[in-house]
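The following report describes the packing and local geometry of one protein model. Please consult the sequence and the structure alongside the text.

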Amino acid sequence: MLENLETDFIGRKEIFYKEIDSTQKEIWRRIENKKIEDGTIIIADIQNNAIGTHGRVWYTDEESNIAFSIYLKSNCRVSNLNGITIEIAQILVNIFKDKYNIKLEIKEPNDLVVNNKKIGGILTETKLNGETAKYMVIGIGINTNKTKFNKEICDIASSIKKEFGIQVDRQIIIEEFCNQFEKNYKEKIEK
């Protein structure tokens, strides 16, 4: 699926699921089983039990939205990763501005919003050993083409399609994210 990568390792090992409980949970399972490579990306069409921050559920129940997680073997001082979630959000904001000329806003620390409605979120989890960040799992979910929202979230959540009336090509967004984020990430861990 990812054909236009300019990365050394992020996204080079790609696993795709038509449906899965959660891309984030799948990476943690693979870590536990020692069956994962640095830079592996897991992408899903549908997640039926995805996780957001604070243990909330993230709904990815329609196809063609953005739902992926990346495994990174950081092995750096945890302080090197300070601010990484906001930097990830800023990269995504820049990509949507550049590719689709739409303006997303960041609601710190980890939400992407439009018209005060959440359209995306970032979940960054790190495995620590003392002051060392051994590895990191980054999950990104963005409602790009979602049209149906249940009652509990219809007033607080939306999608790019609903807000701007455009169809987003998730492959382009994911590829561009991997390309831009890898440069940023390498600088942080090589400090």
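In this predicted model, Phe 177 is in contact (heavy atoms within 4.5 Å) with Phe 68, Ile 70, Ile 88, Ile 91, Leu 92, Ile 95 and Ile 140, leaving aside neighbours within four places in sequence. Phe 177 and Phe 181 touch the most other members of the largest nonpolar core, which has 39 residues. Such a core is a set of buried Ala, Val, Leu, Ile, Met, Phe, Trp, Tyr and Cys residues joined through side-chain atoms within 4.5 Å; buried means under 20% relative accessible area, exposed over 50% and partly exposed in between, with a 1.4 Å probe and protein chains only. Two or more residues come from each of β2 (41–51), β4 (66–72), α2 (84–100), β7 (111–114), β8 (117–129), β9 (132–142) and α4 (170–189). The helix α2 gives the most, with eight residues. Helices (H or I, at least four residues) and strands (E, at least two) are DSSP runs, numbered from the N terminus. A second, separate core of eight residues includes Ile 27, Ile 42, Tyr 71 and Tyr 135.

As for numbering and criteria, residues are numbered from 1 along each chain as its sequence is written. Local features need pLDDT of at least 70, side-chain atom pairs count only at pLDDT 80 or more, totals for chains, interfaces and linings use all residues, and side-chain values use heavy atoms, with hydrogens and water left out.

In strand β4, seven of seven residues are buried, and both faces are covered, as the table shows.

| Face of β4 | Buried residues |
|---|---|
| One side | Ile 66, Phe 68, Ile 70, Leu 72 |

Strand β4 runs antiparallel to β9, and seven bridges join the two; strands pair if DSSP finds at least two bridges between them. Gly 141 in β9 is the bridge partner of Ala 67.

Lys 188 belongs to helix α4 and is buried, with a relative accessible area of 6%. Its side chain makes a polar contact of 3.1 Å with the side chain of Glu 87. A polar contact is a pair of N or O atoms within 3.5 Å; within protein, one must be able to donate a hydrogen and the other to accept it, and residues adjacent in sequence count only if both atoms are side-chain atoms.

Helix α1 (residues 23–32) has Thr 23, Gln 24, Glu 26, Ile 27 and Ile 31 buried. Seen down the axis of α1, the buried residues fall within an arc of 160°, so they line one face of the helix; the arc is that of the directions from the helix axis to the C-beta atoms.
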